[in-house]
Amino acid sequence: MSIFNPVRVSAVAGGKEFVFETGRLANQADGAVWLQCGGTVVLVTACAAPLAVEKDFFPLTVEYSEKMYAAGRIPGNFFRREIGRPSERETLVSRLIDRPIRPLFADGFADEVQILAGVISSDQENESDAMSITAASAALCISSLPFEGGPVAGARLGRINGAFVLNPTITEQAASDINFVIAVTKDAVVMVEGEADMVEESVVSEALAWGQKEIQPLIAAQEELRARAGKVKRSVTPKAAFPQLETFIRNGFAADIKQVMSIPEKLLRRAAKLELKDRIIGALKAEGSAFAADEGALKAASEVIGGIEKDIVRRRIKDEGLRIDGRDTKTVRPIMIETGVLPRAHGSAIFARGETKSLVVSTLGSSTDEQRTDSLVGDSFKNFMLHYNFPPYSVGEVKPVRVSRREIGHGALAEKALRPVLPENGSFPFTLRVVAETMESNGSSSMAAVCGGCLSLMDAGVPILAPVAGVAMGLIREEGDYLILTDILGDEDALGDMDFKIAGTATGVTAVQMDIKISGIPPEVMGRALSQAREARLHILGEMGKALSAPREELSVYAPQHEEVEVNPEIIRLIIGPGGKNIKQITADTGASIDIDDSGKISIFAPTQEALEKAKEMVFYYDQRAELGKNYRAKVKKIMEIGAIVEILPNLEALVHISQLDTARVEKTENVAQLGQEMLVKVIEINGDRIRASRKAVLLEEQGIAWDPAGDARPPRREGGSRGERHDRENRGGRRR
C-alpha cells in the first residue's frame, strides 16, 4: 500500500455510494480513513500515546472541525482562518462521534487516544456529521488500537411523506418530520440523537429498527477495509482481579453498603458512602489484615467497592422492584413548579423533580438579536437559542466555571425539544433566548431544562403550539431480564445500562437522545421504553398544566414592544440617511431597534410603548403623505416662472402654479411669493408622487366663496405658449425631496 496504490472499498447505503480509502493521506497516523459521499469528504485520523500518569477514566479526545475551504469559502472572522475555539456545531458533532465509540474499546486499555475528524470537501447537500462517525470507526478498525466492539456506522434518518429516508440531503431535510442521527453496530442501535415534529412513539421505534438494517452495508465495508489494510491489534493487559478482596468486603460490609445505597437523599448518601469507604479502607490497612501490605489491593479497593455498590443496587431493583430512593420502576419523582419568579425577566419558571431543580428564564429580543453563524453552507441565522448551564454548586462541588461540551450538548437537546412548538416563522417576530440554570442536580437535569423552558416561554406569553415535557429513562439488564426505569437518578445513570432522554407533547415526540453501555437491546424493549416514557411525560404535562395551562395572553410589560409599519420604498434611503445617520439617531433617541426591508416594511422593536410611538413618529417623519382637499401651512422653498415649490410637510413638496397663487391674475411669481414665506394652501391634486396645491382656493374659502375644483382642474395657459407649456409639463406636480 502506497500513495500511488491506496486501498479503496465502496458500499451503497440508502441509494448513495460511500467510498472508504486509506493509504493516500496521513500515513503516519495509527489509522486514517478518507470517506466520501457525493462531493462531501471527511478525513479522520486515530492516534494513541502512553500516559505518564494513570487516570481513573479512559482518556479519549475527539475533535471535529470544518475547513471553510471545503465549501470554497474564506472564514468570516477577523483572522480569516479557522480559529482554535470550536463552533457550537463542531462541539456537538465531536460529541456525536465520541459517544458511540467510547464504550467499544477493550476493557483495561488506558492509553491516551485522539480522534481528529476534518471536513475537507463539502457539496453542501450531503451532511458530514454522521459520515464522521463511520469514518472514525473505520480509522480505529484499521489501526492497532484495541477497538474490539467495532465497527460502528452512523447515518441520518428522515421521513418524507410517510417514507423513511436514509441520509437525506440538506434540502430534503426541510420536508422531513424526523431528523435523527443514529449509530449502529452489526447487532443494535447504540446511539440516537435528534428531533421530530411531534411524531408517535411507534414511528420512532420503527425508524430506528429500519435504520439499523439499512446501514449494514457500511459495517460490511469497514470489515472489508480492516481485512485488507488493518494493522495487528495491540495486546491489552486486563486489570488485575482481586477476588479475595471482593470476598472480604462483601462478607464484612455488604449489609452496610446496601443500607447506604438505600438512602434517598443524594448528599446524605454521598456522605455515608465516603464514611463507609473510609471504614473499609481502614479495615484493609489494619494490623493483621491480609491486605495491609498489598498495595495493588489497596489501590483497587475503591473500584471493587464501586462494583459491589452497582451489583447491590441492580439486584435490589430486580429482586424487590425497589430503587435507591424507594420508588418502583415507573414512578416519577415529586414535581414542584413556580412561574413568574423573577420580577423583571420576560418569562421565568422553577421546575423541580425530586432533587433536580432548574431555574429557566426566557428573554424576547428583536431581529437584530438573531445569532449569525458562519458555516460550510453559508451564513445562517437562529432566532431561537437555549443555553444550559451546570454550575458546580448544583452538585456541591468546587470546579472552574466554564462552558463544557456537556452543557452545549444538553442545551442543544433541550432546544430541539422545544423548537417544533414555537410559532410559525413570521407570526411571531421576536428572537427568543432561553437560559436554563441548573440549581440542583440528581439526574435528568437536561429534561428539567425542557420542562422549565416550556413553562418560561408560556410565562413570557410566547404562543407555543403545545406544552412540552421530557423525561430520562434508564435500563438494567440482569440475567436476561430488561428492567426499564422511569426518571432516573444520577447514580442510576452511572450504574445502569442505558440513558434514554425523550421529550415531546401529548401527541408525540419532539426530541430523543439515547446512549447504551451494552451490546444492544431488542426492538420490543425499545418499544417498551418509549411507551413507558410516554406515560411519564403525560403525567409531567398534567403537573405543568396545573401551574400554567396555556401561554399568558399578553407579553410581559418588560418585553420589547413591537409594531410593523409600511413606508414608501423610495424613502427608505431617507430613513437610513447618509452613512446610516438618521437610523442611528432614531435608535439613540428611542432605544428602539429598527429592521428595514427593501419592500418598505419596517419592524420596530422598542423597550417601552412610549419609545415605540416616538420611533414610529421619527420614521414617519420621512414618509409624509398629503391628503387631497386638506389645508396645510406651507413654506416657499423655490421660486419659478410657472409658480412656487412649497413644503407642505417635512420632506414633502407641492407645486403652487402661478394661476393658483391668488384670486387675481398674477404676472410674476415673485409678486406674491418669496423664499421662506409661509402660506396656507389646499392640496388639489395628487398624481403619484406629484402634488399640486392652491393658495387661491384657501383665499376663496376665506371670502365665503365655494371653490370649484372642476373649474380649476387645469391652470390656464400663459401667453408665450411653448415655453410655458414646457415648464408646466415638467413641473406640474411637486416631488418628494
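Guide: Welcome! Buried means under 20% relative accessible area, exposed over 50%, and partly exposed in between, using a 1.4 Å probe and protein chains only. The model is predicted, so local features need pLDDT of at least 70 and side-chain atom pairs pLDDT 80 or more, while totals for chains, interfaces and linings use all residues. Residues are numbered from 1 along each chain as its sequence is written, and side-chain values use heavy atoms, without hydrogens and water.

Visitor: Is Cys37 buried or exposed?

Guide: Cys37 has a relative accessible area of 3%. The cut-off for this class is under 20%. That makes Cys37 buried.

Visitor: How many disulfides does a search of the whole structure find?

Guide: A disulfide is a pair of cysteine sulfur atoms within 2.5 Å. The sulfur of Cys37 lies 19 Å from the closest cysteine sulfur, in Cys141, and that is too far for a bond. Cys141 is in no disulfide either, as the nearest cysteine sulfur, in Cys47, is 16 Å away. Over the whole structure, the number of disulfides found is zero.

Visitor: Is Cys141 buried or exposed?

Guide: The relative accessibility of Cys141 is 1%. Cys141 therefore counts as buried.

Visitor: Which helix supplies at least two residues of the lining of the largest cavity?

Guide: Helices (H or I, at least four residues) and strands (E, at least two) are DSSP runs, numbered from the N terminus. Among the residues lining the largest cavity are Lys16, Phe18, Ala130 and Met131. Strand E2 (16-22) supplies at least two lining residues, and so does helix H2 (129-142). The helix you asked about is H2.

Conventions
On a 1 Å grid over the protein atoms alone, a cavity is a set of points where a 1.4 Å probe fits but cannot get out, and a pocket is an open set with protein on both sides within 12 Å along at least five of seven lines; lining residues have an atom within 4 Å of a point.
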